[in-house]
Amino acid sequence: MKKFIVDTSDTYFLDKIYDDIEKLCENYIKLLSKNVIGKSVEGRDIVALKISGEIKDEKPAVLLVGGIHAREDFSVMLCMKMIDYYCNYYEAGKSLDGFDVKNIIDMTDMYFVPVANPDGLNIVHNGPESSSNYNKLKNMKIWGEDHTYWKANANGVDLNKNFDDGNWEIRTCVPGTDVPCSDRFKGFAPDSEPETKALINFCNKNNFELMVTYHCSGNCSFWADIGTHDMFNGLDEKIMDELNKKYIYRKTKISQDPKVYGCGFENWFRARKKRPGFCIELSPFVEGGKQHPDYMFDELVWQHARSTGLFFAEKAVKVHSEIHDDTEKYAALTRDEIVR
Ligand SMILES: [Zn+2]
């Protein structure tokens, strides 16, 4: 077997991540390809990686996203390490946690956006002074003890509240977060941020059957909201129940109030792409948005979550066949009516 490239023994800095992306693409030249899907506020590349295996025909596609929230390092580490392991295991013809890696990758196109908010990650690791937007950032409130609590992008917008899922007007910001700050400001307009736009354009260009966005913390999963749940005819819950049996990610209740849940990426994906979207909260819950130390990644996240990407890739095939094979039943889900 080849040596692994991604090292998650401690903090995974942005320079190293970008380096590793290049190394991974060189090392797995037949399996892995890279695509820059947009630029951040500070002009950093927002990178998508595609594992498609040796079969190049278009296949059911799954999208896995990390690092929308800056401080949630574990979500980035997980995506990068899954890419490394899945390519490695594919070549070696090995199984991972009971999943036949080669078989799954040959059936699907797995897309990753490991760092959806690179500027935010830089702020978490190196402080707001290291941002080219520092003049704006220095006056923004940090909710938490220091810059390691930063959650937003370099405009002080919480990207996971910036997506126009139809709830923009009613989506509320809790008092104090209705201006740019480290956490929870939804932005001055829907889809205003370059990182938001990059994800939206990427989803509009690809027919993802299913999307997963990784966050921290809580070891649980947000899998449905009341505005879209009905359109999936129970398919979202079926997938969730299976996830629940296999993994530690507890099933939460269906999100009830669009004032509170609206404008997240997963909500947007369900509403606009009419496909299931899952938000997985990695690692045990910590109060107040504090994060576990990075060196605990392997113990708190990797050993539990490492095959979730394969799990969801398999489910993307299922969504594809259920939705496309039964056009009558799933008429409401056809892509023709998707206008955005
Ligand atoms: Zn988050």
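## Helices H1 and H2

Helix H1 passes helix H2 in a left-handed crossing. This description, like those that follow, comes from a predicted model. H1 covers residues 14-27, and its axis comes within 11 Å of the axis of H2, the two crossing at roughly 15°. Because angles under 35 degrees count as roughly parallel, that angle makes H1 roughly parallel to H2.

Which residues of H1 and H2 meet? From H1 come Ile17, Asp20 and Leu24, and from H2 come Val76, Met80, Ile83, Asp84 and Cys87. Sorted by class, this contact of H1 with H2 has six nonpolar and two charged residues, with no polar ones.

## Helices H2 and H10

Two packed helices are described by the angle between their axes and the distance between the axes. Helix H2 (residues 73-92) also lies against helix H10 (residues 297-305), where the axes come within 11 Å and cross at roughly 50°. The crossing of H2 past H10 is right-handed.

On the side of H2, the contact is made by Phe74, Met77, Leu78 and Lys81. On the side of H10, Phe297, Val301, Trp302 and Ala305 take part. By class, the contact of H2 with H10 comprises seven nonpolar residues and one charged residue, and no polar residue.

## The sheet

Eight strands form an open sheet with mixed pairing. Their order across the sheet is S1-S2-S6-S3-S7-S10-S8-S9. Which strands stand at the edges? These are S1 and strand S9 (250-251); each has a single partner strand, so one side of each is left without a neighbour in the sheet.

Two pairs of strands show the two senses of pairing. Strand S1 (residues 32-39) and strand S2 (residues 45-51) are joined in the antiparallel sense over seven bridges. In this pair, lysine 39 stands opposite aspartate 45 of S2. By contrast, strand S7 (residues 208-216) and strand S10 (residues 277-282) pair in the parallel sense, over six bridges. There, methionine 211 stands opposite glycine 277 of S10.

## Backbone details

The hairpin of S1 and S2 has five residues between its strands, and within this hairpin glycine 43 takes a positive phi near 85°. A positive phi also occurs at lysine 274, with a value near 55°, although this residue is not glycine. Lysine 274 is placed in the loop between helix H9 (265-273) and S10.

Where does the chain hold a cis peptide bond, with omega near 10°? The bond in question runs from cysteine 216 to serine 217. Serine 217 belongs to the loop between S7 and strand S8 (220-222).

## Confidence of the prediction

The chain has an average pLDDT of 94, and 95% of the residues score at least 70. Over residues 327-340, however, pLDDT stays under 50. For this stretch, the model has ten contacts beyond four places in sequence. Where pLDDT is low, the predicted coordinates should not be read in detail.

Conventions. Residues numbered from 1 in each chain as written. Predicted model: local features only at pLDDT ≥ 70, side-chain atom pairs only at ≥ 80, totals over all residues. Pairing = 2+ DSSP bridges. Helix = DSSP H or I, 4+ residues; strand = E, 2+ residues; numbered from the N terminus. Axes fitted to C-alpha atoms, helices over the stretch in contact; angles between N-to-C directions. Left-handed = near helix turned anticlockwise from the far one by under 90°. Contact = placed C-beta atoms within 7 Å. Nonpolar A, V, L, I, M, F, W, Y, C, P; charged D, E, K, R; others polar. pLDDT = per-residue confidence, 0-100. Parallel < 35°, antiparallel > 145°, perpendicular 65-115°, else oblique.
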